[in-house]
Amino acid sequence: MGAYLDAAAGAPLHPLASAALLASLDDGWADPARLYGAGRRARLLLDAARESVAESIGARADEVSFTANGTQALHAAALGTLAGNRRTGGGFVHSAVEHSAVLHVAQAHVAGGGSATSVGVDALGRVDAATFAAAAAAPRVAAAALQAANHEVGTTQPVTEIAAAAPGVPLIVDVTQTVGHAAVPDGWSVLAADARTWGGSTVGVLAVRTGVRWRSPFPEDERESGRVPGVPNLPAIVAAAATLRAVRATQDAEASRLGALVDRIRGTVAATVPDVEVLGDPVDRLPHIVTFSCLYVDGEALLTGLDRRGFAVSSGSSCTSSTLEPSHVLVAMGALTSGNVRVSLHHATTAADVDEFLAVLPGVVAEVRAELGATGL
Amino acid sequence: MRLDNRGRRCPLPILDLARHITDVPVGATVTVEADDPAARPDIAAWCRMRGHENVGERVADDGTPAYTVRRLH
């Protein structure tokens with residue numbers, strides 16, 4: 001009974017990831033920078049993982065570095081690009097719906113004397129390509145950041161079109177929800193990914209295109225091409241690479257399968273839950289993410305009610321956040337933020353899981369509304 | 001009509017608005033005073049979903065945002 005439907009926060013560990021993780025705990029514990037046998041074996045594992053991940057994301061191996069997690073990859077991508085292009089100016093352009101890690105970089109950048117421009121989105125959560133490109137191509141802009149697809153509503157962004165329209169500006173592309181589910185768009189200068197979202201263990205990926213100016217925001221050492229200091233988490237890296245290779249082999253079939261399940265959720269929720277708004281682009285979207293908001297519903301009570309029936313989902317409603325602020329993505333879209341639920345599917349999600357969720361949802365919503373006395377409005 | 005929703009969290013301000021919109025005649029306004037940050041997007045979304053006019057936002061004497069809605073039907 002119930003199912004884990006919060007893959008965007010981290011998919012359950014893929015069976016291949018557990019196997020690779022366990023194997024490399026035995027084989028890959030040594031420091032890959034050392035010249036003795038155990039170190040050389042670790043180095044071989046690290047090099048092979050780097051080659052494999054690079055191929056999966058459309059990069060060269062020497063462009064790829066591993067970070068502790070996806071947030072660190074996003075921080076390093078944005079901070080490093082801003083630092084490397086400081087001579088151009090202090091401008092940072094980003095969409096209003098970027099991951100909070102990118103918005104935190106923008107805040108720190110402004111606090112340090114730089115400037116940041118947030119480009120708004122339409123009701124589906126998408127930036128206008130011409131507007132974003134014009135903002136990115138403005139004088140003294142050091143870097144622009146745009147996600148390949150949104151992490152809350154799944155809407156894809158016109159990354160390739162913007163890269164072509166503003167070729168002079170380094171474009172930082174957040175592919176944390178995209179890798180393993182859809183093609184990585186062309187046009188990125190610096191890229192950040194997160195293995196948790198494809199069923200790997202916790203590790204991030206930073207890729208810097210050859211020729212792009214990027215300077216490490218950390219004190220440099222000899223690790224990871226000078227981009228990420230300290231001994232890398234080799235078992236997690238090996239698991240991430242092995243999982244991504246497997247996931248990519250079935251990516252198109254899985255995208256069709258999960259995309260059809262999301263279509264079912266979109267249609268059924270709209271038909272069976274009164275006063276609901278299903279958000280995001282119904283077509284140009286990630287296959288596995290869907291979000292909706294319910295009028296007169298307390299998001300926290302809704303999550304609790306679903307959790308009681310065994311369903312794990314997340315919410316952008318203010319009452320579910322530690323800051324009591326509603327999701328900046330929903331606010332930027334002009335969407336309803338109350339009673340918000342994000343459902344995100346993964347390799348282990350079955351059609352039966354989705355049907356069971358859809359069967360219990362209307363009752364849970366009705367229960368929360370009844371508790372609030374929100375009937376007949 | 002003014003509805004004091006200071007200190008009340010989402011979705012209570014829009015619930016209050018929904019309960020009282022029919023207390024005023026069509027064409028008249030209801031103003032919701034609410035300090036919950038979700039009230040701004042949610043009142044705008046409620047107007048869109050329910051077909052009423054989101055007239056705009058002002059600030060009450062104590063600094064609390066005040067959102068005015070016109071009943072259209």
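**Exercise 1. How much area is buried between chain A and chain B, and what share of it do carbon and sulfur atoms give?**

Work through the contact between the two chains, keeping in mind that this is a predicted model.

*Solution.* 

Step 1. Start with the area: about 1,600 Å² is buried between chain A and chain B. Carbon and sulfur atoms give 64% of that area.

Step 2. Next, see who takes part. Chain A brings 22 residues to the contact, and chain B brings 18 residues.

Step 3. Now turn to the charged pairs. Two salt bridges are counted between chain A and chain B. One of the salt bridges in the model joins B:Arg48 to A:Glu277, with 2.4 Å between the closest N and O atoms. That pair qualifies because a salt bridge needs a side-chain nitrogen of Lys or Arg within 4 Å of a carboxyl oxygen of Asp or Glu.

Step 4. On the side of chain A that touches chain B, 13 residues are nonpolar, five are polar and four are charged.

**Exercise 2. Into which domains is chain A divided, and where do their bounds lie?**

*Solution.* 

Step 1. Domain 1 of chain A covers 3-10 + 251-372, while domain 2 covers 15-249. Their C-alpha centres are 27 Å apart. In the contact between them, domain 1 of chain A supplies 26 residues and domain 2 of chain A supplies 31 residues.

Step 2. Look at the area. Between domain 1 and domain 2 of chain A, about 2,300 Å² is buried, and carbon and sulfur atoms give 55% of it.

Step 3. Check for salt bridges. The count between these two domains is one. A:Asp281 and A:Arg126 have side chains that meet in a salt bridge, at 2.9 Å from N to O.

Step 4. Count the polar contacts: 15 residue pairs, both partners at pLDDT 80 or more, are in polar contact between domain 1 and domain 2 of chain A.

**Exercise 3. Which element gives the most to the side of domain 1 of chain A that touches domain 2 of chain A?**

*Solution.* 

Step 1. List the elements of chain A that give two or more residues to this side: α8 (251-272), β10 (289-294) and α10 (328-333).

Step 2. Pick from the list. α10(A) gives the most, with five residues.

Step 3. Finish with the make-up of this side of domain 1 of chain A: 14 residues are nonpolar, eight are polar and four are charged.

Key. Residues numbered from 1 in each chain as written. Chains lettered and ligands numbered in written order. Predicted model: local features only at pLDDT ≥ 70, side-chain atom pairs only at ≥ 80, totals over all residues. Heavy atoms only, no water. Contact = heavy atoms within 4.5 Å. Buried area = accessible area lost by both parts, 1.4 Å probe. Nonpolar A, V, L, I, M, F, W, Y, C, P; charged D, E, K, R; others polar. Domains from an automatic or database assignment. Polar contact = N/O pair within 3.5 Å; in protein donor to acceptor, adjacent residues only side chain to side chain. Helix = DSSP H or I, 4+ residues; strand = E, 2+ residues; numbered from the N terminus.
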